[in-house]
Amino acid sequence: MSHKREKVIFLADCESFYASVEKAEHPEYKNKPVAVAGDPTRRSGIILAACPIAKSYGVTTAERLGEALNKCPDLIIMRPRMQHYIDVSLMITQIYEDFTDLVEVFSIDEQFLDVTASLSIFGDPLTIAKEIQQRVMMQTGVRIRIGISTNKILAKIATDIWAKKNKSGIFTLLPSDVPKMLWPEPAHKMFGVGSRMSKHFAKLGMVTIGDVATTPLPRLKDKFRARFGKQSDIQAEVMWRTANGLDDSPVTPRTFHTPPKSIGHMMTLPRDYAASAEIDTILLELTEEVCRDCRLKGYMGWVVTVSCMCSPYEEPTGFSRQMKMPDPSNNTNKVFEMVKTIFYQYWDHMPVRRAGVMLSTLVDDQHYQLTLFEDQEKTRALDKVTDNIKTRYGSAAIVRASSLTRAGQALERSIKIGGHFK
Ligand SMILES: [Mg+2]
């Protein structure tokens, strides 16, 4: 076959997900403003989701409960049931899987579907989108919005800018529509642009998404470098590709199989490290690699093991010790705290030659325990963005600031590969 067939990709998003699940199960609140809040007993609690009626009063996600109640005194506040939302989310995934096996979970309420091969069975994209909306509504009471395009980034943009706003909740954005439809939109509406970045764009004289898209990439890189320094090339490229609607990453379904026993990394250092600042850098890099691996594979671990071998070789000292965390995790910062605790409890202050970090007693990360989940959701989202960029551009793309010091091995190792074993 010489002709490459265009793909058909959906981004399906649940409207006000947690609030919709609660409303579906509490018909008595059908016409009332409902919000789900982190701690309903405190005015400082955070709004995690607000139903469309609550939103019409100006209630927004992530604001303080106190502020929300000022805007909407009759707001009904529900305590979150995170495990239940995860179960509903899985149920929705299964509905999508009736239409295609290519379903990628992007977040708890957003999933990508590649329906290219389903068209001959289920009909055109719009027919499939409507059918999906109906099935999910019937089975869960949640309204789905669907952006349709030929790749993931355009499908996501189609949802965020248009399908969330129009009546049908479905919007098709073809690549040929990008200049006419997307480019006149303000730069802050672009996926991945927060308020800080949009201020930078404004100072660079870029007001619309088209201003970013039509700047030649080398020039955009120069402008970014002048503002953010040398490390910003990747960021410039991500922005430029997004503004142009370019994305060749495939929809990647999760693979279900029994978890491995452990995920770990170990490295031999180029010289002996004795200063804790240097050692911390290495431990953070190892932790980052292990956690990233876990996140990519969809696991979290309960038990952290830290091992280390100290010089001299003739009479090496060292240890391998483990501790269980209060909750399973694959969050770099959380695991790193435990890694440091273990290391400094057992280290005899001899110069370090080799160090390793391992996570074991792995569980599927869909069933994570929620302690402070408003926070956890945020860190998970951040980890995910980092991982996506690393997956696309190689792990040299993003290196934590401490890795740029001499002790940092991540940059060199990610280029070399093979400096470690799994
Ligand atoms: Mg949503």
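The legends below accompany several close-up views of a predicted model of one protein chain.

View 1. The protein chain contains 16 helices and 13 strands, and of its 422 residues 48% are buried. When contacts between residues at least 6 apart in sequence are considered, 67% of them join residues that are at least 24 apart. The chain exposes about 21,100 Å², and carbon and sulfur atoms supply 56% of that area.

View 2. Arg-145 and Asp-13 form a salt bridge in which the closest N and O atoms are 2.7 Å apart. In the chain as a whole, the count of salt bridges comes to 20.

View 3. Asp-293 and Lys-297 both lie in helix H13 (residues 276–297), where they are 4 residues apart, or about one turn of the helix. Their side chains meet in a salt bridge, with a distance of 3.4 Å from N to O. Asp-293 is buried, with a relative accessible area of 12%, whereas Lys-297 is partly exposed, with a relative accessible area of 44%.

**View 4. The salt bridge of Lys-164 and Asp-160.** The side chains of Lys-164 and Asp-160 meet in a salt bridge that spans 3.1 Å from N to O. Lys-164 counts as partly exposed, at 31% relative accessibility, and Asp-160 is partly exposed too, with a relative accessible area of 21%.

**View 5. Asp-114, a buried residue without a salt bridge.** Asp-114 is found in strand S6, which covers residues 110–114. Asp-114 is buried and yet has no salt bridge, and the nearest side chain of opposite charge, that of Lys-7, is 4.3 Å away. The side chain of Asp-114 does make a polar contact, at 2.5 Å, with the side chain of Thr-116. Apart from its neighbours within four places in sequence, Asp-114 is in contact with several residues, including Val-8, Ile-9, Leu-102 and Val-251.

**View 6. Two residues with positive phi in loops.** Ser-16, a residue other than glycine, has a positive phi near 40 degrees, and it lies in the loop between strand S1 (9–14) and helix H1 (17–25). His-349 is likewise not a glycine, and its phi is positive at about 70 degrees; its place is in the loop between helix H14 (332–346) and strand S12 (352–364). Ser-16 is buried, with a relative accessible area of 9%, while His-349 counts as exposed, at 58% relative accessibility.

**View 7. Helix H12 and the glycine that follows.** Helix H12 spans residues 233–243, and its buried residues are Asp-233, Ala-236, Met-239, Arg-241, Thr-242 and Ala-243. After H12 comes Gly-245, whose phi is positive, near 70 degrees.

Technical notes: Residues are numbered from 1 along each chain as its sequence is written. This is a predicted model: local features need pLDDT of at least 70, side-chain atom pairs count only at pLDDT 80 or more; totals for chains, interfaces and linings use all residues. Side-chain values use heavy atoms; hydrogens and water are left out. Buried means under 20% relative accessible area, exposed over 50%, partly exposed in between (1.4 Å probe, protein chains only). Contact means heavy atoms within 4.5 Å. Accessible areas come from the Shrake-Rupley method with a 1.4 Å probe; for residues, only the protein chains shown count as cover. Lys and Arg count as positive and Asp and Glu as negative; His and the chain ends are not counted. A salt bridge is a side-chain nitrogen of Lys or Arg within 4 Å of a carboxyl oxygen of Asp or Glu. A polar contact is a pair of N or O atoms within 3.5 Å; within protein, one must be able to donate a hydrogen and the other to accept it, and residues adjacent in sequence count only if both atoms are side-chain atoms.
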